[in-house]
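Dear colleague,

Please find below the structure that I am handing over to you. My notes on its disulfides and on one of its helices follow.

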Amino acid sequence: MLPFYSSLLLFLAFSTTGGAVDMSNALIPKLCSNSSSTDPNINYGFCTTSLQAAPDSPCAGLRKLGTISIRLVKFNATNTRCYIKKLLKNRRKLHPFVRQCLDDCYELYSDALPTARKAAKAYAARNYVDANIELSSVADAPLTCEQGFADKKGIKSPLTKRNEQLFQLSAVALSMINTLQ
């Protein structure tokens, strides 16, 4: 008898949705629209794409989306730190100034990781003021990293895109916190 009910539920789910189940979260476009209209550092497309890429975002409410956005910050910082480490493995092939900038960026991203974890803990405890402070510090890391490369004319940062992504992810997370405050 149980397979019959399972089949019936599946039939009803597909027949009422035209054959497909909408797994999008209507809250994400609204939040990203509001965030991008009030913060010039947030790109609407980047915001929606980033949040919708998280597997648990379709059913997430505002607080859970905040948790997801902080998690994305941590993942991005971890991934970029790993990428910098790989670039530094070819030390001899790097221009000395680029090598120094990458060393500085590696340190900045290494410091950003425990700070992002503190932000996540503060957020989980609903301590939005501390979460905001910690995430603001994380958002400074990619800006400082990118500025290091800009200090010498003719040197192009190999981290520009990654730095922009972490900065935007941090801005999105900060926007979520500000919405909850």
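Does Cys145 count as buried or exposed? At 1% relative accessibility, Cys145 counts as buried (buried means under 20% relative accessible area, exposed over 50%, partly exposed in between, with a 1.4 Å probe and protein chains only).

Please note that this is a predicted model, in which local features need pLDDT of at least 70, side-chain atom pairs count only at pLDDT 80 or more, and totals for chains, interfaces and linings use all residues. Residues are numbered from 1 along each chain as its sequence is written, and side-chain values use heavy atoms, with hydrogens and water left out.

The whole structure contains two disulfides (pairs of cysteine sulfur atoms within 2.5 Å). In one, Cys105 and Cys145 have their sulfur atoms 2.0 Å apart. This pair links helix α5 (residues 96-124) to helix α6 (residues 128-150); helices are DSSP runs of H or I with at least four residues, numbered from the N terminus. The link is right-handed, with 100° about the S-S bond.

The other disulfide joins Cys32 to Cys47. Its S-S torsion is about -70°, so this disulfide is left-handed. Cys101, by contrast, is in no disulfide, although Cys101 is buried, with a relative accessible area of 5%.

Cys32 also belongs to the buried residues of α2, together with Ile28, Leu31 and Ser35. These residues pack against α3 (44-53), α4 (62-88) and α7 (160-180), where contact means heavy atoms within 4.5 Å.

Yours sincerely

Key
Helices (H or I, at least four residues) and strands (E, at least two) are DSSP runs, numbered from the N terminus.
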